[in-house]
Amino acid sequence: MINRLKVERAIKNITQEELAKEIGVSRQTINAIELGKYVPSTVLSLKIARFFGRKMEEIFELEEGD
Amino acid sequence: MKTRYLLPHSLKLPGWIILGIGIVLGIFWLIFMDNIKFPTYMPALYNNDFDQNNRGWLVMITNGSIVDEIAGLFLIVGSLFVALSKEKVEDERFMKIRLDSLVWAVIVNSIVLIISLFMVYGLAYIYIMSISLVSLPLLFIFKFKYSLIREPDTEKKYQFTHPLRAVGWILLILGIIYWLLLMRFHNIHIYANMPALYNDGFVQGNNGWFKIVPHESISNELIALFIILGSLFVALSKEKIEDEFIMKIRLESLLWALIANNILLIICIFSFYGMTFLAVMLYSTISFPLMFLIKYIITLRRGY
């Protein structure tokens, strides 16, 4: 799965740490998601989407092989 | 997103076969231990068996019976293959059930082990220790299979509250300090009259169920208790900010520790003989929780 988390974060101009705090996860988790090393659960993905005021599909997208 | 440290599904069936042979051999050996003679001339890394002439490092020994070593090898390899091979169609739900089952197995195994350490004495103690070499993956397989049938509540978490982390560190440090001191000073053993669930041994008389074992050293047991409880409290307590990614790190650390610990066990089974192997079995009670803890902390600190 590919995601636009880093881009969205840049648009909002917030750090991983701040985003993590807003959503209630650790900074490592945000970092792992951005690096594509961790696929978040539905609940976490929805929280992230809601925080950025986007639909989930606008941030997360299936890629070949998923 | 792939989970690390899982084996391919194709190892599942061979795993069951190897495990089956291991169980049959193991039971066979436990029942007919004294009658099976299968002398084998083989190398040992270290041997201090009373019956052997060749004691010391890197010697050739005549092993009285190789059946127990083979049974151990089959049990360890078989249970590892079954426990860690992927399901036919592996998905995230299996991963969640796998983690819950593994944590459950680690907790149950530790409780039973600690109770046995303090309440079983003599020859029966050595039986328990032998069984404990393979009990964790077996318990896990049982719980995992059972959960797949029962459709568990995946919201339920086997975790300790965050404050227990600090308690865990204190226990762990106390355990390690006492362990190091005990290696240096032999007069700091702690003795107690222990109520035994079962005593069967070298200890003067008093054999049977529900006996008091007088003036027994419980130093090793205390070290095991402190290190097992300490590591598990630290690694299984919630982090300050606990989330699903940390749970994944925890699962992978458990899987890694299971593999590493079992490889180490196999090496030890074919390397150490005599009294040293008893020490190996005692160390094996703390090696898994320690490996789990170290891997977990390193992954958490160093990044994924």
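1. Helix axes here are lines fitted to C-alpha atoms, over the stretch in contact, and the angles between them run from 0 to 180 degrees between N-to-C directions. Helices (H or I, at least four residues) and strands (E, at least two) are DSSP runs numbered from the N terminus. This is a predicted model, in which local features need pLDDT of at least 70 and side-chain atom pairs count only at pLDDT 80 or more, while totals for chains, interfaces and linings use all residues. Residues are numbered from 1 along each chain as its sequence is written, and chains are lettered from A and ligands numbered from 1 in the order in which they are written.

2. Confidence. The model scores ipTM 0.79 and pTM 0.87. pLDDT is the predictor's confidence in each residue, from 0 to 100. Chain A has a mean pLDDT of 91, with 100% of its residues at 70 or more; chain B has a mean of 87, with 95% of its residues at 70 or more. Within chain A, the element with the lowest mean is H3(A), at 89, and the one with the highest is H1(A), at 94. Within chain B, strand S2 (residues 56-63) is lowest with a mean of 78, and helix H5 (residues 164-184) is highest at 94.

3. H3 and H7 of chain B. Helix H3 (residues 92-119) and helix H7 (residues 244-269) of chain B pack at about 60 degrees, and their axes are 10 Å apart. H3(B) is therefore oblique to H7(B); angles under 35 degrees count as roughly parallel, over 145 as roughly antiparallel, 65 to 115 as roughly perpendicular and the rest as oblique. From H3(B), the residues B:Arg98, B:Leu99, B:Leu102 and B:Val106 meet B:Met247, B:Leu251 and B:Leu254 of H7(B). Contact requires C-beta atoms, placed from the backbone, to lie within 7 Å. The contact holds six nonpolar, no polar and one charged residues. In these classes, Ala, Val, Leu, Ile, Met, Phe, Trp, Tyr, Cys and Pro count as nonpolar, Asp, Glu, Lys and Arg as charged, and the others, Gly among them, as polar.

4. H1 and H2 of chain B. Helix H1 (residues 12-32) and helix H2 (residues 67-84) of chain B pack at an angle of about 150 degrees, with axes 7 Å apart. Their crossing is left-handed. The contact includes B:Trp16, B:Leu19 and B:Trp29 from H1(B), and B:Phe74, B:Val77 and B:Phe81 from H2(B). By class, the residues of this contact are 16 nonpolar, five polar and two charged.

5. The two chains together. In the model, 10 residues of chain A are in contact with 10 residues of chain B. H3(A) gives the largest share of chain A's side, three residues. That side of chain A has five nonpolar, four polar and one charged residues. In H3(A) (residues 27-34), A:Gln28, A:Thr29, A:Ile30, A:Ala32 and A:Ile33 are buried; a residue is buried if 20 or more other C-beta atoms lie within 10 Å of its own, exposed if 12 or fewer, and partly exposed in between. The cover over these buried residues includes strand S1 (2-3), helix H1 (5-12) and helix H2 (16-23) of chain A, together with H7 of chain B. Just after H3(A), A:Gly36 has a positive phi of about 75 degrees.

6. B:Ile241. This residue sits in the loop between helix H6 (219-236) and H7 of chain B. B:Ile241 counts as partly exposed because it has 15 C-beta neighbours inside 10 Å. Not counting residues up to four places away in sequence, B:Ile241 touches A:Val25 and A:Ser26. Its C-alpha atom is separated by 9.5 Å from that of B:His162, 79 residues apart along the chain.

7. Most residues other than glycine have a negative phi. B:Tyr5, in the segment before H1 of chain B, has a positive phi of about 65 degrees. B:Tyr5 has 16 C-beta neighbours inside 10 Å, so it counts as partly exposed. B:Phe210, in strand S5 (residues 208-217) of chain B, has a positive phi near 50 degrees. With 10 such neighbours, B:Phe210 counts as exposed.

Terms used
Contact = placed C-beta atoms within 7 Å. Left-handed = near helix turned anticlockwise from the far one by under 90°.
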